[in-house]
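Subject: Handover of a structure and notes on what was found

Dear colleague,

Please find the structure below, together with its sequence. My notes on it follow, and I would ask you to read them with the model open beside you.

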Amino acid sequence: MPLSVHDPDLSHRLTLARMLARRAGAIQRERYETGLTIDTKSATIDLVTEVDRACEALIVDGIESADLGDAILAEEGHGEDSNAPYRWIIDPLDGTTNFAHGFPRFCVSIGIERTKPGAEPERVIGIVYDPLLDECFEAALGEGAFLGERRLHVTQEDDLGRSLVATGFSYDVHESDDDNLASFRNVVKTARGIRRDGSAALDLCYVAAGRLDAYWELKLHPWDVAAGFLIVEEAGGRVTDLRGGPADRSGREVVSSNARVHDALLAQLAF
Ligand code: IPD
Ligand code: CA
Ligand code: CA
């Protein structure tokens with residue numbers, strides 16, 4: 001049984017998000033390993049390609065054409081933010097460095113938050129689409145996380161020493177001393193294995209799917225985590241900041257796991 005949602009407002013947005021993620025993913029699949037125009041952003045290692053921009057334009061146009069009145073926060077700057085109850089948070093191409101180098105690991109990430117009067121925003125929809133593997137990770141609040149027809153569950157592993165863990169390094173790693181390397185060393189020395197695959201959204205989905213036991217990273221952004229946080233939570237995992245507090249929607253501190261190895265991982269992270 002695939003993910004289904006009863007609330008008509010959510011169901012409509014889920015269908016639209018799914019379709020737009022797949023269409024943007026099709027652009028990535030077509031343009032992968034073809035000649036690209038590559039620019040740099042704030043840091044020389046922070047790349048953006050014409051494909052990031054084309055995917056974002058497609059997704060934002062699709063949302064705006066649906067005339068829902070929703071707010072949009074998209075990495076490359078398109079869309080209108082506002083106080084509307086629903087907000088779409090979009091990473092049109094997560095894993096741009098991989099994409100630009102022909103390393104086959106990147107995706108489209110679309111998260112939707114809902115804000116009820118007087119309450120904090122809540123994550124209600126998450127879609128992450130990997131176009132090369134044709135894998136669509138999906139979650140809706142209270143309805144579970146799915147990969148296609150398959151319901152996702154985090155692993156049962158309770159020993160960090162038997163865990164496969166992923167991380168990443170921020171684009172200021174050349175200049176900043178706050179570079180995640182001390183934590184990286186600690187986890188290399190503790191866990192069974194460590195990966196740096198270059199797509200935060202897929203790393204979170206892999207925790208949800210039981211392909212990783214845990215994943216942490218610092219200095220991410222809302223669009224890196226908006227979909228993945230919900231997918232991990234709906235698969236039974238845990239997402240927190242570095243102190244074990246509530247997940248940080250800004251993405252500045254991201255610690256995610258199957259819940260069982262969470263405290264052991266937190267103990268290895270230097271901050
Ligand atoms: C990046 C990727 C990478 C992570 C970076 C992110 P981008 O996103 O998710 O894995 O380490 O911090 O910014 O720039 O490819 O969308
Ligand atoms: Ca990203
Ligand atoms: Ca991106």
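I begin with one local detail, and then turn to the chain as a whole. Leaving aside residues up to four places away in sequence, Asp158 touches Arg260 and Val261. Asp158 sits in the loop between strand E9 (150-151) and E10. Between Asp158 and Asn258 there are 100 residues in sequence, yet their C-alpha atoms are 8.5 Å apart in space. Please bear in mind throughout that this is a predicted model.

The chain as a whole

The protein chain contains 7 helices and 14 strands. Its radius of gyration is 18 Å, close to the 18 Å that the globule rule gives for 271 residues, so the chain is as compact as a globular protein of that length. Along the principal axes, the C-alpha atoms fill a box of roughly 50 × 45 × 35 Å.

Of the 271 residues, 55% are buried. Among contacts with a separation of 6 or more, 63% are between residues 24 or more positions apart.

Which residues are the protein donors of the calcium ion (ligand 2)? They are Asp91 (OD), Asp94 (OD) and Asp224 (OD), at 2.1 to 2.2 Å from the ion. Along the chain, these donors follow the spacing D-x2-D-x129-D. Distant parts of the chain are linked here, since Asp94 belongs to strand E4 (residues 86-94) and Asp224 to helix H6 (residues 222-234), 130 residues apart. Asp94 is buried, with a relative accessible area of 6%, and Asp224 also counts as buried, at 7% relative accessibility.

The calcium ion (ligand 3) has Glu75 (OE), Asp91 (OD) and Leu93 (O) as its protein donors, at 2.2 to 2.4 Å. Their spacing along the chain is E-x15-D-x1-L. Glu75 lies in the loop between strand E3 (71-74) and E4, while Leu93 is in strand E4, so this pair ties together parts that are 18 residues apart in sequence. Glu75 is partly exposed, with a relative accessible area of 23%, whereas Leu93 is buried, at 1%.

Which residue bridges the two calcium ions? Asp91 does so, and the calcium ion (ligand 3) and the calcium ion (ligand 2) lie 3.8 Å apart.

An enclosed helix

Helix H5 (residues 200-208) deserves a separate look. Of its 9 residues, 9 are buried, so the helix is largely enclosed by the rest of the structure. The buried residues include Asp203, Cys205 and Tyr206, along with Leu202, Leu204 and Val207. Gly210 follows H5 and has a positive phi, near 80°.

Individual loop residues

Asp134 is not a glycine, but its phi is positive, at about 50°. Asp134 lies in the loop between strand E6 (122-130) and strand E7 (135-140), and is partly exposed, with a relative accessible area of 45%. Ala259, likewise a residue other than glycine, has a positive phi near 85°. Ala259 is placed in the loop between strand E14 (253-257) and helix H7 (262-268), and is partly exposed at 33% relative accessible area.

Is Ser176 buried or exposed? Ser176 counts as buried, because its relative accessibility is 17% and the cut-off for a buried residue is under 20%. Ser176 is in the loop between strand E10 (164-166) and helix H4 (181-188). From Ser176 to Gly148 there are 28 residues in sequence, and the C-alpha atoms of the two are 40 Å apart in space.

With kind regards

Note on methods. Residues are numbered from 1 along each chain as its sequence is written. Chains are lettered from A and ligands numbered from 1 in the order in which they are written. This is a predicted model: local features need pLDDT of at least 70, side-chain atom pairs count only at pLDDT 80 or more; totals for chains, interfaces and linings use all residues. Side-chain values use heavy atoms; hydrogens and water are left out. Helices (H or I, at least four residues) and strands (E, at least two) are DSSP runs, numbered from the N terminus. The radius of gyration is taken over C-alpha atoms; the globule rule is 2.2 Å times the number of residues to the power 0.38. Buried means under 20% relative accessible area, exposed over 50%, partly exposed in between (1.4 Å probe, protein chains only). Contact means heavy atoms within 4.5 Å. Donors are N, O and S atoms within 2.8 Å of the metal (3.2 Å for Na, K and Ca); water is not among the atoms, so sites may look incomplete.
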